[in-house]
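The sequence and structure are shown below.

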Amino acid sequence: MEIERLYKKIVELRDNDSDKFQVLSKHIQSMPDDMFEYILKRLEKQIEIVKKYEIEIRPAIDPFVSSELGIYRRLDDLELGELLDYPECCVKSFSETARYGIDSEHLKEIENMEFDEETYAVILPSGFIPCSINCKKAIANKLIGKIDKKTYDKLLKMEEELFIELPHYHGAYDEYFEKIIVKK
């Protein structure tokens, strides 16, 4: 999912009640106007930076924005998954089996994968825990991808710029991407 789509969904939830996002729409509608505007400004800045680097897999959403949207409070896992374009299989795996990070099952999948000469790393947005590293829906939604070393270096520069331009104090998120190096 492009961050622009998330931005549009948030604006729509602010303006309209939603059967699909009952918990989130109420939460977003209850935000003070100045906080909502600040969230949009931060998302606009993130969109600007991300576009500049042209990395196909999207980064995690700005941790400040995520906090204010209630993502870390897990208001409703299914609604949050839908908002972020996470596949339902991944949301269920996360919420039903208490997967809170890239775990040994994911790493075993990586060990069993074959990579072309150019692949340097497998990346995914920080905080996104797929049901499988090979989840076809997550790959189609650009939540999991393989990148070469040049793109990896570009990704690190993008993360650095995001940290400078969008400072935050969420201790669990010191990166916008989970990075699994597959080639040394």
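In this predicted model, helix 2 spans residues 22-29, and its buried residues are L24, S25, H27 and I28. These residues lie on the same side of helix 2, because the arc they cover around the axis is only 165°. The cover over the buried residues of helix 2 includes helix 1 (3-15), helix 3 (33-53), helix 4 (63-69) and helix 5 (77-83).

Helix 3 comprises 21 residues, which at 1.5 Å a residue should span 30 Å; the C-alpha atoms at its ends are 31 Å apart, in agreement with that expectation. Helix 3 is followed by E54, which has a positive phi, near 50°.

| Helix | Buried residues | Cover includes |
|---|---|---|
| Helix 2 | L24, S25, H27, I28 | helix 1, helix 3, helix 4, helix 5 |
| Helix 3 | F36, I39, L40, R42, L43, Q46, I47, I49, V50, Y53 | helix 1, helix 2, helix 4, helix 9 (149-165) |

H106 is located in helix 7, residues 104-111. Is H106 buried or exposed? Its relative accessibility is 0%, so H106 counts as buried, the cut-off being under 20%. Leaving aside residues up to four places away in sequence, H106 touches R99, G101, I129, P130, C131, S132 and I133.

Notes. Residues are numbered from 1 along each chain as its sequence is written. This is a predicted model: local features need pLDDT of at least 70, side-chain atom pairs count only at pLDDT 80 or more; totals for chains, interfaces and linings use all residues. Side-chain values use heavy atoms; hydrogens and water are left out. Buried means under 20% relative accessible area, exposed over 50%, partly exposed in between (1.4 Å probe, protein chains only). Helices (H or I, at least four residues) and strands (E, at least two) are DSSP runs, numbered from the N terminus. The arc is that of the directions from the helix axis to the C-beta atoms. Contact means heavy atoms within 4.5 Å. The expected span of a helix is 1.5 Å times one less than its number of residues.
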